[in-house]
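New notebook page, new structure.

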Amino acid sequence: MLQHGLTHEEAALVGRDRELARLRSLEEQSRAGGLQVALIAGEPGIGKTRLLREMARCARQQGTTVLQGGASGTEGMPPYLPFLEALGQHIRSAPADELRPQAGAMASVLATILPELSLRLGESASSYPLPPEQARLRLFEATGLFLKAIATPRPLLLVLDDLHWSDQASLDLLCHLAQHQPTARLLILGAYREGEIMHRSAFERALAELERLRLLTTMILGPLTAEAVAELASGYLGATVDPAVSSLLAAQSEGNPFLAEELLRGWLESGVIAQKEDGGAFCLLAPNPSLLPSSILNAVRQRLARLAPATVELLRSASIIGRTFDATLLARVTELDEESVEELLHEARQARLIHQLPATAAAAPAHFAFSHDTIRECLYQEVRAVRRLRLHTRIGQELEQRQPPLHAPASAQQLAEQAFHFARSGDTGRGAAYSQRAAQQALQTYAPAEAMAHQHMALQLLSADDPRRGPWLLELGRAALLAAAWQEAIDAFQGAQEWGRRRANQYVAGCAALGLGRAYWRQERIASARLALEQAATALSAQTTAETVEALVELGSLLILSLHQQEEARTCLEHALALSRQLGEQRLEAAACRALGNLLVRCNQMERGLPLLEQALSLALSRRGAGGLGMLCLPDDGLWLAWRTRPTRPAVSSLA
């Protein structure tokens, strides 16, 4: 009996010789020390992932290091997922004495998104704090240096699949790598569905930036020719095919390799085609087979119908877990023993519905992935709503049992998975809590757009009278400010302000007004910004907090910079300086000194203004080195003009 169903890795790649040759040429260029970015586009099933795998195989044969990751269409995934998967492979497999110098002094920065690095290398000294925008830049620089170090002994191929689902933070990081690591021996090879990037402004901006840098090579995969389809069929079946078979296959599949293989499998298993008794070509037994599926989805359903019911049921449960899953978790969720699960998964592997992923450690459970997203989607849709809810609950509970040790922080991926499953379970309390934790983790890794998505989910799961709603609306507004989503920030802050007023919570109302003032000012809505900042200063005046000082500094800066009201601005800023000294926080005192000093310099009161500017700089430098300069957050060039025209002072002359 002829055995069919070769894996993607075993089956020969057909009809893509030109594209593969182009990619190998780009790899040769990257070997010489010039970063290259190549993106493969095409419709679902056209062979993008297969081409990526073939290129990875060829690169490994040439001694290139290959790291692979991919984005996911599943909601709630962590930011930087393609990079987390790829770099996670390296961290788990590289020897510690090799990994340590590659991470270098930036290990603690990398650990903010790759906590397993700390587990491999031990805790490293924490880096100095920076404002979010600067901290994000530092993370991007650290990731670029890490990849360049990995690519130093041997060239590196970084494979990023399914980029049409990638988050904005991943796309920003990709562009940063292209711009700032031009000499790295690195080829970044990605794939995306051409029709799924419409109206995705982040993706369009990334493509435009890569084009501007003249580093992007884009290949659009078209349908296979009739000759290539015939070659695919012969390779799949292990024998030649009759011209009638290849002609019908090309017409029905329209040159789509995935659908062509699905059709072949269906025809073979249902007896539509058969091999001649003499071991010759495969031929049609019916000229117009009635079992021909009209779409990939129907093909998958026909394929599932030929499996044992227990196998299909297990795969349905696996589809709830996600794009990838491990056998141990699947066994616990379905309450089956692991041996039974392995046997059923073996049948699914033989049917090419799933494939096993490379092991990352000797003792790690076996991980699997669905061979195509359509397979998982079809299975997921067939799970009844009640059972789906129950499975999400069980998966979330099992993931909770896998929490890391107390000294190790939960990774962004762990939190995102727990948030995703609990949000779709009957446990809305856990769903809200984990969604909020995932949002906070995303903010810590400087991915505000992803934080907003998690916060929206958290707020959606809260009851209207939940006491956390106001503070969480504040956090949503702050994330939206960082993402430059001004209207969304305004809506969130207005909601938080109304919540604070209804509950007589002056602190929340004041912080919300402060956020509103910042959002309005960034939109140049000066009158609205002033009103909001005045409301913030009034609401926060009942107690001295960091936000009280920030509101006064913002209001004073607005009054002088946008309205030129010097006396009112001076009153605000002098009050802010007094309160900052009362609190004893250097960050706040530096900001107040900077703002008041800048005002006095603008008023030509150099003798009063320059000492304040010197003090602001001194306070900033005292916060763990020059990185503390981020505290100053200079709004314009007036301060530096004052420095250049000041009388020389020994304490700062070296910084002039």
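This is a predicted model: local features need pLDDT of at least 70, side-chain atom pairs count only at pLDDT 80 or more; totals for chains, interfaces and linings use all residues.

Entry 1. I then checked the two faces separately. On one side I found Leu186, Ile188, Gly190 and Tyr192, on the other Leu187, Leu189, Ala191 and Arg193, and all of them are buried.

Entry 2. Next: who sits beside S4? Strand S1, residues 36-42, runs parallel to S4 (residues 186-193), and seven bridges join the two. I looked up a couple of partners. Leucine 39 has glycine 190 in S4 as its bridge partner, and alanine 41 has tyrosine 192. S4 also pairs with S3, again in the parallel sense, over five bridges. There I noted leucine 158, which stands opposite isoleucine 188 in S4.

Entry 3. I followed the chain around S3 and S4. Together with H8 they make a β-α-β unit, and I wrote down its hand as right-handed.

Entry 4. Back to S1. Is this strand covered or open? Mostly covered, I found: seven of its seven residues are buried. Gln36, Ala38, Ile40 and Gly42 point one way, while Val37, Leu39 and Ala41 point the other way, and all are buried. S1 pairs with S5 (residues 216-220) too, in the parallel sense and over five bridges. The partner I looked up there was methionine 219 in S5, which bridges to isoleucine 40.

Entry 5. Aspartate 162 has a positive phi of about 55 degrees, although it is not a glycine. I placed aspartate 162 in the loop between strand S3 (156-161) and helix H8 (168-180). With a relative accessible area of 10%, aspartate 162 is under the 20% cut-off, so it counts as buried.

Entry 6. Glutamate 335 gave me another: its phi is positive, about 60 degrees, and it is not a glycine either. This residue lies in the loop between helix H15 (327-334) and helix H16 (338-350). Is glutamate 335 buried or exposed? Its relative accessible area is 64%, so I put it down as exposed, the cut-off for that being over 50%.

Methods:
Residues are numbered from 1 along each chain as its sequence is written. Side-chain values use heavy atoms; hydrogens and water are left out. Helices (H or I, at least four residues) and strands (E, at least two) are DSSP runs, numbered from the N terminus. Buried means under 20% relative accessible area, exposed over 50%, partly exposed in between (1.4 Å probe, protein chains only). Two strands pair if DSSP finds at least two bridges between them. A crossover is right-handed if, with the strands pointing away from the viewer, the path from the first strand over the helix to the second runs clockwise.
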